[in-house]
Amino acid sequence: MTADAEFMVAGDFLTAALIGEIDHHSAAFLREKIDEQIDRRMPKQLILDFSGVGFMDSSGIGLILGRSKRMQACGGEISVRGVSEQVNRMLRLANIKA
């Protein structure tokens with residue numbers, strides 16, 4: 001596995017600290033892991049922290065957009081933090097605010 005996530009909860013906030021490289025295979029793993037936490041905790045705010053991500057391809061964009069739709073469906077919001085310059089360029093191209 002090239003990526004993982006560590007979770008922290010504070011009130012209605014769920015932070016997923018992403019670690020490693022996000023590609024097609026690891027994005028599927030992260031999606032399942034994050035969705036499990038969303039379903040269990042029903043947060044009002046999901047924070048995706050990319051501080052520990054060294055590489056991300058377009059699968060990471062899909063990961064973010066999918067979690068955003070999932071949070072909207074349950075009345076919550078998402079924010080993205082701690083992105084590297086490489087990841088930030090991809091997010092800007094996808095019109096995702098970090």
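**Stop 1: Asparagine 95**

Select asparagine 95: it is exposed, with a relative accessible area of 72%. Exposed means over 50% relative accessible area, buried means under 20%, and partly exposed lies in between (1.4 Å probe, protein chains only). Asparagine 95 sits in the segment after α3. Its phi is positive, about 60 degrees, although it is not a glycine. Most residues other than glycine have a negative phi.

Before moving on, note that this is a predicted model, in which local features need pLDDT of at least 70, side-chain atom pairs count only at pLDDT 80 or more, and totals for chains, interfaces and linings use all residues. Residues are numbered from 1 along each chain as its sequence is written, and side-chain values use heavy atoms, with hydrogens and water left out.

Helices (H or I, at least four residues) and strands (E, at least two) are DSSP runs, numbered from the N terminus.

**Stop 2: Alanine 98**

Stay in the segment after α3 and pick alanine 98. Which residues does alanine 98 touch, not counting residues up to four places away in sequence? They are Val80, Val83, Asn88 and Leu91. Contact here means heavy atoms within 4.5 Å. Alanine 98 and threonine 15 are 83 residues apart in sequence and 15 Å apart in space, C-alpha to C-alpha.

**Stop 3: The sheet**

Show the strands. They form an open sheet of 4 strands, in the order β1-β2-β3-β4, with mixed pairing. β1 (3-10) and β4 stand at the edges with a single partner strand each, so one side of each has no neighbour in the sheet. On average, neighbouring strands of this sheet are turned by 20 degrees against each other, direction ignored. Two strands count as paired if DSSP finds at least two bridges between them.

Zoom in on β1 and β2. They run antiparallel and are joined by 8 bridges. Aspartate 4 stands opposite isoleucine 19 in β2. Alanine 5 stands opposite leucine 18 in β2. The hairpin of β1 and β2 has 2 residues between the strands, and glycine 11 takes a positive phi near 60 degrees there.

**Stop 4: Serine 79**

Go to strand β4 and select serine 79. Is serine 79 buried or exposed? Serine 79 is buried, with a relative accessible area of 18%. Its side chain and that of glutamine 45 are joined by a polar contact of 3.1 Å. A polar contact is a pair of N or O atoms within 3.5 Å; within protein, one must be able to donate a hydrogen and the other to accept it, and residues adjacent in sequence count only if both atoms are side-chain atoms. Leaving aside neighbours within four places in sequence, serine 79 is in contact with Gln45, Leu46, Ile47 and Leu48.

**Stop 5: Helices across the sheet**

α1 lies across β1, β2 and β3, at about 20 degrees to β1. α3 lies across β3 and β4, at about 120 degrees to β3. Axes are lines fitted to C-alpha atoms, for helices over the stretch in contact, and angles run from 0 to 180 degrees between N-to-C directions.

Follow the loop between α1 and β3 to methionine 42. Methionine 42 is partly exposed, with a relative accessible area of 44%. Its phi is positive, about 50 degrees, although it is not a glycine.

**Stop 6: Helix α2**

Select residues 58-73. This is helix α2, with 16 residues, and it reaches 23 Å from its first C-alpha to its last, close to the 22 Å expected at 1.5 Å a residue. The expected span is 1.5 Å times one less than the number of residues. At the start of α2, a side-chain oxygen of aspartate 57 comes to within 2.8 Å of the backbone nitrogen of serine 59. Just after α2, glycine 75 has a positive phi of about 80 degrees.

Which residues of α2 are buried? They are Ser59, Gly60, Ile61, Leu63, Ile64, Arg67, Ser68 and Met71. These pack against β2 (13-22), α1 (24-41), β3 (45-56), β4 (77-81) and α3 (85-93).

**Stop 7: The core**

Finish inside. The largest nonpolar core has 24 residues; those with the most contacts inside it are Leu18, Ile22, Leu30, Ile34, Phe50, Met56 and Leu91. β3 gives the most to this core, with 5 residues. A nonpolar core is a set of buried Ala, Val, Leu, Ile, Met, Phe, Trp, Tyr and Cys residues joined through side-chain atoms within 4.5 Å.

Last, click leucine 30. Not counting residues up to four places away in sequence, leucine 30 touches Ala3, Asp4, Ala5, Leu18, Ile22 and Leu63.
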